[in-house]
Amino acid sequence: MAVRLYKWLQLIVPETHHVSTKPTVCHTAIPMSVMAPLCFDFPIKMNLNWNLLFKPNLDQLFYSLNALFLGSILKLNKVTMQKHLFLGVEAIGQGAIDGGISGVYAYPGTPSTEITEFIQDNPLAEERNIHSKWSANEKTALETALGMSYAGKRVMSCMKHVGLNVAADIFVNAAMTGVNGGLIVTVADDPSMHSSQNEQDSRFYGKFAMIPVLEPSSQQEAYDMARDGFELSELTKVPVMLRITTRLAHSRAGVVRKKVLPENELSLPADPRQFILLPAIARRKYKGLLESQSSFLKLSEESKYNRYEKGTDHSLGIVACGIAYNYLMEHFPGGTCPFPVVKVSQYPLPENYIKRLDLECDEILVLEEGAPLVEEMLKGFFANGTPVKGRLDGTLPRDGELNPDLIAKALGKEMFEGYAIPEIVANRPPALCMGCGHQDAYLAMNEALADYTKGRVFSDIGCYTLGALPPYETIYSCVDMGASITMAKGAADAGLIPSIAMIGDSTFTHSGITGLLDAVNEKSSITIVISDNESISMTGGQDSSALGKIESICIGVGVDPAHIHSIVPLRKNHDEMVRLFRQEFAYDGVSVIIPRRECIQKAASRKRNKK
Ligand SMILES: Cc1ncc(C[n+]2csc(CCOP(=O)(O)OP(=O)(O)O)c2C)c(N)n1
Ligand code: SF4
């Protein structure tokens, strides 16, 4: 219980501090509503009353105990049924391995991180020498994946939704080049922004790039889609997007594995110009992509993931996308939904089923996780003016995650509201760990900044973003990865002195280096603090590409070595740190200060693993 309470409280931390989990084997299907309270990585109860997440009740306790009991029996019977109790992310990692990948390329980001970690820890992946090292950012990850696809191998690239913004250029252009070996781009969206700075819906990107999108409604589908999606990619000759959301990523259910496929042999593209997007070739390729749309639609209409489910009450027809289908069926165990339902888990939208729903039903309710993408499409789809309900007309909230309760309300069903939150689970603000090096950096920075009436610290995204909160309140921005250096430069260009950037080691190599180059080229008057904890801590302590390279990168980019300083952020070095900050804030040019001390959580886990 204590662990779960702790996990619940993590909901308010901007990016989850990851706890790694290992798959378990079970021998019977356990409804996800029962298994959900067992979630270890994240406080997600996928199919339970959402309000109960913050309102523990007896049913939930019963379910948890029941599930624990079942779990212990199931482990004893490993051999019989071979159902694996996988998190959605683990199901995808296993599916990709079983589908014959030769590599996964990714940059960490909740809720996608554990797909790659699963593959990194998997014995078969190790035996096959499947590439699984972290990339410097999502763009390099996807480009490298495309290179592996060029060579004929199957490959997956994983990222969180905002990571797809970083990789958008290659993502859209990869749809133009097409693939050789199957390529799946797995993107994990985070509606309600549990660990993110926005809640964009990646299906828009899939539609924009005009490629097939898969959206699982369960962990089993997540596995199947990850395993079989490579074949779809090779068949359609374009990358396939696998879109998941937080609940599916971080809740467990039984998954049956299928035969492990062999890796592809090395092979070169039949057309030597396939990957050359010179305008003359690109025009031809674009026409080809447009012409392929009808075949992608046909595949969707025939897909085993999409279907039309008949109903007896035609006053309403429901379009249920991805996990929303699961939430809907929570209310109709055994398939007793009286309304016709179109289950959508593969896009483009299966028009045949939608047309049938329109013909048979008085009005349409669209259930989709994320933005009202399908709802907007349907509003212009029906010539006869069939009313379409969903997030746009207020039947469902316009923002935030869906859940079974919201769907019950949309269907006019009564729902149990749960009990009041006991005091023990009252909110507490997130905070840096006691003894974290970022704390020492902020204390020294605040003291040096006290000399100035104005002057601002522009921050980046990492654990150090918590410097926005008391007792530090040092930073004034957190926008996207890399924006600290560039925003500080823009503010300095406008005359704001001192303008300071606060960035972590991983974020610096993710997308800080190019901003530094701009600043150096223009001799901008900014101080860049690269708080180096030798780890990607916010997402769970993955290895940072920057390790041991920061000074040489800065020198290489052109920072004057006389204005690059490193210091160990400890209380005993406080005065020296304040002196350094004062000195460099006063310097009219680019300076870099590197407080460097290993993240204490990473150090502790390194020591634990050594034992
Ligand atoms: C484009 C993008 N990719 C990934 C993430 C997830 N993410 C948030 S902060 C972070 C890295 C933090 O590492 P670092 O800058 O070294 O700071 P630390 O947390 O170690 O202090 C990552 C991967 C994100 N928010 N945006
Ligand atoms: S000690 Fe590590 S995990 Fe804790 S706040 Fe600092 S950087 Fe983050």
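What share of contacts in the chain between residues at least 6 apart in sequence join residues at least 24 apart? The share is 79%, where contact means that two C-beta atoms, placed from the backbone, lie within 7 Å. The structure is a predicted model, in which local features need pLDDT of at least 70, side-chain atom pairs count only at pLDDT 80 or more, and totals for chains, interfaces and linings use all residues. Residues are numbered from 1 along each chain as its sequence is written, while chains are lettered from A and ligands numbered from 1 in the order in which they are written.

The chain has 24 helices and 20 strands. These elements are DSSP runs numbered from the N terminus: helices are H or I with at least four residues, strands E with at least two. Of the 611 residues, 51% count as buried. A residue is buried if 20 or more other C-beta atoms lie within 10 Å of its own, exposed if 12 or fewer, and partly exposed in between; the C-beta atoms are placed from the backbone.

An open sheet of six strands runs in the order 16-15-17-18-20-19, with parallel pairing. Its edge strands are strand 16 (475–477) and strand 19 (564–567), each of which pairs on one side only. Neighbouring strands of this sheet are turned by 30° against each other on average, direction ignored. Two strands count as paired if DSSP finds at least two bridges between them. Strands of a sheet pair through backbone hydrogen bonds, either parallel or antiparallel. Strand 19 pairs with strand 20 (residues 591–595) in the parallel sense, over four bridges. Here H565 stands opposite I593 of strand 20.

Two helices lie across strands of this sheet. Helix 19 (residues 437–449) lies across strand 15 (456–459), strand 18 (526–531) and strand 20, and runs at about 155° to strand 18. Helix 21 (residues 505–521) lies across strand 17 (499–504) and strand 18, at about 150° to strand 17. Axes are lines fitted to C-alpha atoms, for helices over the stretch in contact, and angles run from 0 to 180 degrees between N-to-C directions.

Strand 13 (residues 363–367) is mostly covered, with four of its five residues buried. Strand 10 (residues 316–321) pairs with strand 13 in the parallel sense over five bridges. V319 has V366 in strand 13 as its bridge partner. Strand 13 also pairs with strand 14 (residues 388–389), again in the parallel sense, over two bridges. In that pairing, I364 stands opposite V388 of strand 14.

I323 belongs to helix 15 (residues 323–329). I323 counts as buried because 31 C-beta neighbours lie inside 10 Å. Beyond its neighbours within four places in sequence, I323 is in contact with S217, T245, R247, L248 and E369. I323 and E369 are 46 residues apart along the chain, yet their C-alpha atoms are separated by 7.2 Å.

Ligand 1 is surrounded by 24 residues, the closest being G462, G504, S506, T507 and M538. A residue is near a molecule if its C-beta atom, placed from the backbone, lies within 6 Å of it. The shell around ligand 1 divides into ten nonpolar, eleven polar and three charged residues. Ala, Val, Leu, Ile, Met, Phe, Trp, Tyr, Cys and Pro count as nonpolar, Asp, Glu, Lys and Arg as charged, and the others, Gly among them, as polar. Helix 9 (161–166) and helix 21 each supply at least two residues of this shell. Domain 1 (88–269 + 280–300) and domain 3 (437–605) each contribute at least three; the domain bounds come from an automatic or database domain assignment.

The residues around ligand 2 are L432, C433, C436, H438, C463, N533, S537, C599, I600 and Q601. Six are nonpolar, four polar and none charged.

Backbone geometry also deserves mention. Most residues other than glycine have a negative phi, and most peptide bonds are trans. A cis peptide bond joins Y347 and P348, with omega about 10°. P348 sits in the loop between strand 12 (346–347) and helix 16 (351–360). The peptide bond from I497 to P498 is also cis, with omega near -5°. P498 lies in the loop between helix 20 (483–493) and strand 17.

M193 is not a glycine but has a positive phi of about 55°. M193 is placed in the loop between strand 5 (183–189) and helix 11 (203–209). With 14 other C-beta atoms within 10 Å, M193 is partly exposed. E473, also not a glycine, has a positive phi of about 50°. The loop between strand 15 and strand 16 holds E473. E473 counts as exposed because it has 12 C-beta neighbours inside 10 Å.
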